[in-house]
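Visitor: I would like to go through this model with you and ask, term by term, what lies behind each label.

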Amino acid sequence: MRSPEDMKIIEIDITNACIHNCSNCTRMCGHHKSTYFMQWETYKRAVDSLEGFQGGIGVMGGEPTLHPEFERFVQYINTKYEEPKKENYFIQPTANFMRDRKLEERNLTYSYWEKNGIGQRIKGPILFSSVASNYHKYYELIQDVFRYQGVNDHIIPCYHQPVLISRKDMGISDEEWYPLRDACWVQNKWSASITPKGCFFCEIAGALDMLFDGPGGWPIEKDWWKRKPEDFGDQLHWCELCGIALNTKSRNANEGIDDVSPTLYEKLQEIGSGKLKKKTVHIYTKEDLPTNINDNKKFEYHENNMNRLNEQNNIIYPSGFSAIYISNENDSFEEIEQCIQANEKQTDKFLVFVQDDLLQILKEKYDSVSQKIMILPKEKRFGINLNKAHKILGEESYNLLLTVGSRLAEDFTEKLKKYVINPGTFHYLKNGNDLDMQCDWIKFTKKDDFFVLYTSRSYALRNAGYDGISYCNSIEKFAGLWEERKKIIFNNKMLEGQKLVNELEYNPEYKYVIYGTGTYGQKAYEGITRIGGKIAFFCDSNKEKQGKQMFDIPVYAPDKMKEQRTDYDKVVIAALAYRDIREEILKCGLTDEDIVAPIF
């Protein structure tokens with residue numbers, strides 16, 4: 001067993017509310033008679049108690065975004081963390097959300113020494129979410145604050161090992177049990193937790209205590225997480241009601257059925273389990289135990305973490321786009337008509353604000369024949385028109401602010417709906433010859449034309465309020481409401497997405513050094529040798545691996561990269577601690593052009 005101090009993550013379980021009904025949920029969602037939401041003061045004490053902890057602080061459920069104070073909770077944890085998040089890959093639109101999640105995770109992972117060698121951690125706030133509708137609601141905040149996100153929408157099958165299994169029901173003797181318990185993969189690989197009832201050495205122990213109304217955990221106080229295994233005491237009795245340490249067969253989470261041993265079945269009857277009432281429980285006996293240890297799928301939650309979110313999950317993509325056009329005094333009736341006709345097919349609604357002399361004629365032409373085009377009187381101040389538009393369109397709309405000469409490509413919105421777009425950003429493009437101002441999706445016909453993409457639910461506009469927006473007398477003043485890092489040029493380069501450092505296919509003409517001898521090192525070896533490439537040597541900072549061989553290829557210390565620079569062309573980073581390894585490679589006199597950093 002491990003002390004919580006040695007864990008990568010400690011969870012704060014803020015609710016058991018969830019949109020799913022998964023098989024063998026580690027939080028036993030569906031069995032509780034009532035839903036709990038952690039109170040504000042308890043949450044504050046939980047976050048404060050983890051001051052000094054060098055790993056991740058997880059915000060967990062159930063589905064944590066369902067908590068009515070989720071926004072307040074996230075803002076608080078962000079103020080408490082000593083190093084506010086500087087990099088944010090999700091200010092830019094992304095056409096591959098999980099790939100960019102992996103990229104951000106890689107760049108925020110750092111190495112540290114643990115008992116068994118070098119480990120990897122991400123420091124700071126971490127979110128575990130099933131990507132419900134509230135995830136999209138809080139998208140801007142989530143990307144601003146959380147360093148890592150364990151997202152899993154459960155659309156692609158994953159396997160959950162039975163939790164509610166008593167080892168005594170399985171005939172496991174004390175002599176067999178204690179070594180199994182102390183080697184439990186959840187306690188040794190996953191996390192301790194804080195629930196509304198206190199702190200626990202293991203997250204499942206905390207969940208069992210909540211389900212069966214146990215005595216609670218340790219007080220939520222400073223340094224509770226420094227307790228050692230010899231201090232776990234009475235909390236170990238929860239292990240008797242948990243089957244994770246046993247060799248059991250996992251079930252597809254989407255079946256919605258819990259595997260429960262007879263002793264636990266009786267306890268669930270006593271508490272009035274919701275899943276028992278729905279008859280979604282299978283009584284698990286010794287006969288259900290796999291005869292072959294290879295039948296155990298407990299580690300196969302997903303063979304590839306990139307599969308935890310279906311890229312077709314519509315929740316995170318824009319549902320539609322609305323256009324806003326605010327006329328200038330010099331815009332003629334013909335130009336306005338051309339603007340409407342050129343762009344209306346790309347939008348769900350088209351709000352046209354025009355001066356009095358054109359208002360009636362345009363209303364007569366469009367209001368009676370189109371449900372999407374609205375002709376509205378233009379107010380003198382630019383921002384007042386925007387406030388009116390926001391009231392009509394609502395916060396869910398992605399707004400396209402156009403000028404009279406703006407021309408969206410015929411497939412503009414069809415293409416853009418394939419991108420996950422941060423609702424807190426201000427994307428803009430203006431007419432110009434600069435390469436940065438070129439986008440194949442938008443054309444301009446007049447000198448002063450511009451294009452803006454934004455939503456009214458961005459924190460920039462929420463913080464400005466109705467008055468702050470009203471006082472904007474120009475597009476420049478409006479743009480000034482956003483912080484600079486969230487103002488993005490809407491150009492071809494942006495639409496290409498994030499780039500990895502020299503992310504190229506392996507080249508058979510190159511000779512490589514592979515930095516990393518674990519699973520990723522093996523994958524790099526397979527990828528390079530598959531296409532006939534050559535490997536000069538492996539590198540690893542673990543001294544126990546140096547001087548040995550992997551696939552009959554020597555493993556050296558990192559300084560060998562400098563000594564034998566003429567013997568290879570590229571270095572492949574094949575480990576999670578990308579940031580630390582990159583710095584080490586650069587110290588050897590190499591550049592980013594010499595690095596290949598694939599996403600595995």
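What follows is a conversation about labels and the values behind them.

Guide: Please keep in mind that this is a predicted model, in which local features need pLDDT of at least 70 and side-chain atom pairs count only at pLDDT 80 or more, while totals for chains, interfaces and linings use all residues. Residues are numbered from 1 along each chain as its sequence is written, and side-chain values use heavy atoms, with hydrogens and water left out.

Visitor: What makes Asn-252 count as buried?

Guide: Buried means under 20% relative accessible area, exposed over 50%, and partly exposed in between, with a 1.4 Å probe and protein chains only. Asn-252 has 17% relative accessibility, so the residue counts as buried. Of the 600 residues of the protein chain, 56% count as buried.

Visitor: What does Asn-252 touch?

Guide: Contact means heavy atoms within 4.5 Å, and, not counting residues up to four places away in sequence, Asn-252 touches Ser-23, Pro-157, Cys-158 and Tyr-159.

Visitor: Is Val-404 buried or exposed, and where in the chain is Val-404 placed?

Guide: Val-404 has a relative accessible area of 6%, and therefore Val-404 is buried. Its place is in the loop between strand S16 (398–402) and strand S17 (406–408), where strands (E, at least two residues) and helices (H or I, at least four) are DSSP runs numbered from the N terminus. Val-404 and Glu-335 are 69 residues apart in sequence, yet their C-alpha atoms are 6.4 Å apart in space. Beyond its neighbours within four places in sequence, Val-404 is in contact with several residues, among them Tyr-325, Glu-335, Cys-339 and Asp-449.

Visitor: Why is strand S23 described as largely enclosed?

Guide: Five of the six residues of strand S23 (residues 534–539) are buried, so the strand is largely enclosed by the rest of the structure.

Visitor: How many bridges join strand S22 to S23?

Guide: Two strands pair if DSSP finds at least two bridges between them; strand S22 (residues 511–515) and S23 are joined by five and run parallel.

Visitor: Why is the pair of Trp-40 and Tyr-76 called edge-to-face?

Guide: Rings of Phe, Tyr and Trp (its six-membered ring) pair if their centres lie within 6.5 Å, and planes under 30 degrees apart count as stacked, over 60 as edge-to-face and the rest as tilted. The structure holds 33 aromatic pairs. The ring centres of Trp-40 and Tyr-76 are 5.4 Å apart and their planes stand at 75°, so this pair is edge-to-face. Trp-40 lies in helix H1 (residues 40–49) and Tyr-76 in helix H2 (residues 70–80), so the pair ties together parts that are 36 residues apart in sequence.

Visitor: What makes a group of residues a nonpolar core?

Guide: The term covers a set of buried Ala, Val, Leu, Ile, Met, Phe, Trp, Tyr and Cys residues joined through side-chain atoms within 4.5 Å. The largest such core has 80 residues, and those with the most contacts inside it are Ile-12 and Tyr-43. Apart from it lies another core, of 38 residues, including Ile-373 and Met-494.

Visitor: How do you know that Lys-267 lies over the face of Phe-212?

Guide: A charge sits over a ring if NZ of Lys or CZ of Arg is within 6 Å of the ring centre and within 35 degrees of the ring normal. Lys-267 lies over the face of Phe-212 at 5.1 Å from the ring centre, and Lys-560 lies over that of Tyr-556 at 4.8 Å.
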